[in-house]
Amino acid sequence: MTVVELAPPGTNTALMYAMQHGESDEDKKFQKGNMEVDVLVNHAIRGLEAGKLEIRPGLSNVPKIMSRIAPNFMLAQLAKRGE
């Protein structure tokens, strides 16, 4: 058995739209980089075909890289988002 991790970035879906509805303009400006669904699917398929075990398209690479560079900072940022 093989386990593949797909870590998508913010993606333009009905769920993302619903989550953004009612948020302030200040909150929405951080979510403008959302990936289109077809682009995400293409990344996922290419990753699977290449035999990758981790597929992190677009901005989803940033948290992984930052957690290695500054793990305490990233943990604090994630805690703030959960408040």
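Arginine 56 pairs with glutamate 54 in a salt bridge, with 2.6 Å between the closest N and O atoms. By the rule applied here, the protein has three salt bridges.

Glutamate 54, with a relative accessible area of 39%, is partly exposed.

Glutamate 54 also meets a lysine. The side chains of glutamate 54 and lysine 64 come together in a salt bridge, at 2.6 Å from N to O. This pair ties together distant parts of the chain, since lysine 64 lies in helix H4 and glutamate 54 in strand E2, 10 residues apart. Lysine 64 counts as partly exposed, at 25% relative accessibility.

Arginine 56, for its part, has a further partner in glutamate 5. The closest N and O atoms of this salt bridge are 3.1 Å apart. Here too, distant parts of the chain are linked: glutamate 5 sits in strand E1 (residues 5-6), whereas arginine 56 is in the loop between E2 and helix H4 (61-69), with 51 residues separating them. Glutamate 5 is partly exposed, its relative accessible area being 36%. Taken together, salt bridges with shared partners join Glu5, Glu54, Arg56 and Lys64 into one network.

Turning from charged to nonpolar side chains, a patch on the surface is formed by Val4, Leu48 and Leu53, which together have about 260 Å² of accessible area. One of these residues, leucine 53, is placed in the loop between helix H3 (37-49) and E2. With a relative accessibility of 51%, leucine 53 is classed as exposed, because that class begins over 50%.

The protein has a mean pLDDT of 81, and 75% of its residues reach 70 or more. Where pLDDT is low, predicted coordinates should not be read in detail.

Conventions
Residues are numbered from 1 along each chain as its sequence is written. This is a predicted model: local features need pLDDT of at least 70, side-chain atom pairs count only at pLDDT 80 or more; totals for chains, interfaces and linings use all residues. Side-chain values use heavy atoms; hydrogens and water are left out. pLDDT is the predictor's confidence in each residue, from 0 to 100. A salt bridge is a side-chain nitrogen of Lys or Arg within 4 Å of a carboxyl oxygen of Asp or Glu. Helices (H or I, at least four residues) and strands (E, at least two) are DSSP runs, numbered from the N terminus. Buried means under 20% relative accessible area, exposed over 50%, partly exposed in between (1.4 Å probe, protein chains only). Patches are made of residues with over 30% relative accessible area and no salt bridge: like charges are joined within 9 Å, nonpolar side chains (Val, Leu, Ile, Met, Phe, Trp, Tyr) within 5 Å. Accessible areas come from the Shrake-Rupley method with a 1.4 Å probe; for residues, only the protein chains shown count as cover.
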